[in-house]
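Dear colleague,

I am passing on the structure we spoke about, together with some notes on its cavities and pockets. Please have it open beside you as you read.

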Amino acid sequence: RLHEMQSQILTGNRRWETALTATGDGLLDWDIQSGSIFFSPTLSTMLGYAPEEWGTNLAAWEKRVHPDDVGRVSTLLQSHLQQRTAMFACEYRILCKNGSYNWVLDRGKAVERDTMGNPERVIWIITDISEERRQRENILENEERLNTIFTEAPLGMAIIDSEKAELLSVNPKYCEITGRTAEGLQKMTWKQITHVDDIAADQNFMDELNAGKRSNFKMQKRLIKHDGSVIWVSMTVARLTHFHEARRVHICLIEDITEIVRNEERMRLDSAVISNTRDGVVITNLEPRIVSVNRAYTEITGYTESEVVGQNPSILKSGRQDAHFYREMWQEIKSTGRWQGELYNRRKNGEVFPQGSSIDTIYDAKGNPQYYVGVFSDMAKLKKTEESFERLAHYDVLTGLPNRLMFNSRLSHAIETA
């Protein structure tokens, strides 16, 4: 009978060893009454020790637990031994032979107690979870990074239910751009904050996104802020395939481009005004070389835009005004930023014509000159009209002879100079 029991115990131990070898886990079997403890060979192997290097008493395990973890492990173990917990379970660090520490998961239980409930025998299994722990920490670190990006991003970001249009999560910048709180936005749909005239175009893109015809899209649209004002945003939307198992969601990025849209509108208006004004307009760089002219310029001068772009504006110079005149003109432009006066220029056909001109300097944001803009009107017809009125005032219409007004004018001048 004794031989049979020893055989069963030996068989049971072999099964334990086989199971532990297969899993790579370590086993501790602690007989509290005798103080003896059994360490499975897999435990020492797991940590890089030979079985004979490990030790044969509880101190062999205790001295290798990381100093920062000893207190917590001891508290949890004592709590179980005193029957305050059903089992002992703890993650902690344990010393390897090479001096490093591995993270392990320790799960144990008092399998034998005396009639008073005092533990007599405890068995626990130790599993190396270092790799699992590293992966878990990497996941947490990545989540923290993503959360930081989401929170501190200079673009508005929102996670939106693609089918219900509900805003599930928004970052601070999204709240700032829309002028709303996160709590308020999370009770709304994107349609409720989108200008009514832009909903259809946005929904068409969303239908294609949900149908799998596209994975992302970009558009400009108007949003309605909490105070009712309207802003323009540049919006990028992309489907998130692994974000939520039960919901189809997408990420929405927005940037406030209201000022850009307004500037573009002003530029289009300014361009339309310049293109359609009856005055000639010429823009030059600082050399100066012509970079742009309007339609009136080509009509007044007879030159096409392609003939003058890149040329010096002096291409129109007639020679009626000398170099001294132009030196003073440019000196005034560079000292005051503008000049206004009368120029005599030559059309492409050779005709000299007077023009009322103004030249202004265009500065950049730092106050540095960038361009010169010249605006001029053709005064040839006005000059001819003035000469016609002058002749009508001083000469007889029928005979062409000087009239009394001319006589009196000449007489007054003679008296004054006598």
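The largest cavity in this predicted model is lined by Ile160, Trp190, Asp202, Met206, Lys221, Met235, Val237, His250 and Cys252. Helix 9 (199-210), strand 9 (230-240) and strand 10 (249-256) are the elements that contribute two or more residues to that lining. Its volume comes to about 50 Å³, and the lining residues of this largest cavity fall into six nonpolar, one polar and two charged.

Around the second largest cavity stand Tyr174, Trp190, Ile193, Thr194, Lys221, Leu223, Val233, Met235, Cys252 and Ile254, with strand 8 (216-224), strand 9 and strand 10 each supplying at least two of the lining residues. By class, the lining of this second largest cavity is made up of eight nonpolar, one polar and one charged residues.

Turning to the pockets, the largest has a volume of about 420 Å³ and is lined by 24 residues, among which Pro313, Ser314, Met329, Leu343 and Ile359 lie nearest its centre. At least two lining residues of the largest pocket come from each of strand 11 (280-284), helix 13 (323-336), strand 13 (338-346), strand 14 (352-363) and strand 15 (369-378), and it is strand 15 that gives the most, with five residues. Sorted by class, the lining of the largest pocket holds 15 nonpolar, eight polar and one charged residues.

The second largest pocket has a volume of about 270 Å³, and its lining consists of Glu143, Leu146, Asn147, Ile149, Phe150, Met157, Ile159, Ser169, Leu240, Phe243 and Ile251. Helix 6 (130-152) and strand 6 (156-161) are the elements that give two or more residues to this lining, and helix 6 provides the largest share, namely five residues. The lining of the second largest pocket divides into eight nonpolar, two polar and one charged.

With best wishes

Terms used. Residues are numbered from 1 along each chain as its sequence is written. This is a predicted model: local features need pLDDT of at least 70, side-chain atom pairs count only at pLDDT 80 or more; totals for chains, interfaces and linings use all residues. Side-chain values use heavy atoms; hydrogens and water are left out. On a 1 Å grid over the protein atoms alone, a cavity is a set of points where a 1.4 Å probe fits but cannot get out, and a pocket is an open set with protein on both sides within 12 Å along at least five of seven lines; lining residues have an atom within 4 Å of a point. Grid points are joined across faces, edges and corners, and a volume is the space filled by probe spheres set on the points. Helices (H or I, at least four residues) and strands (E, at least two) are DSSP runs, numbered from the N terminus. Ala, Val, Leu, Ile, Met, Phe, Trp, Tyr, Cys and Pro count as nonpolar, Asp, Glu, Lys and Arg as charged, and the others, Gly among them, as polar.
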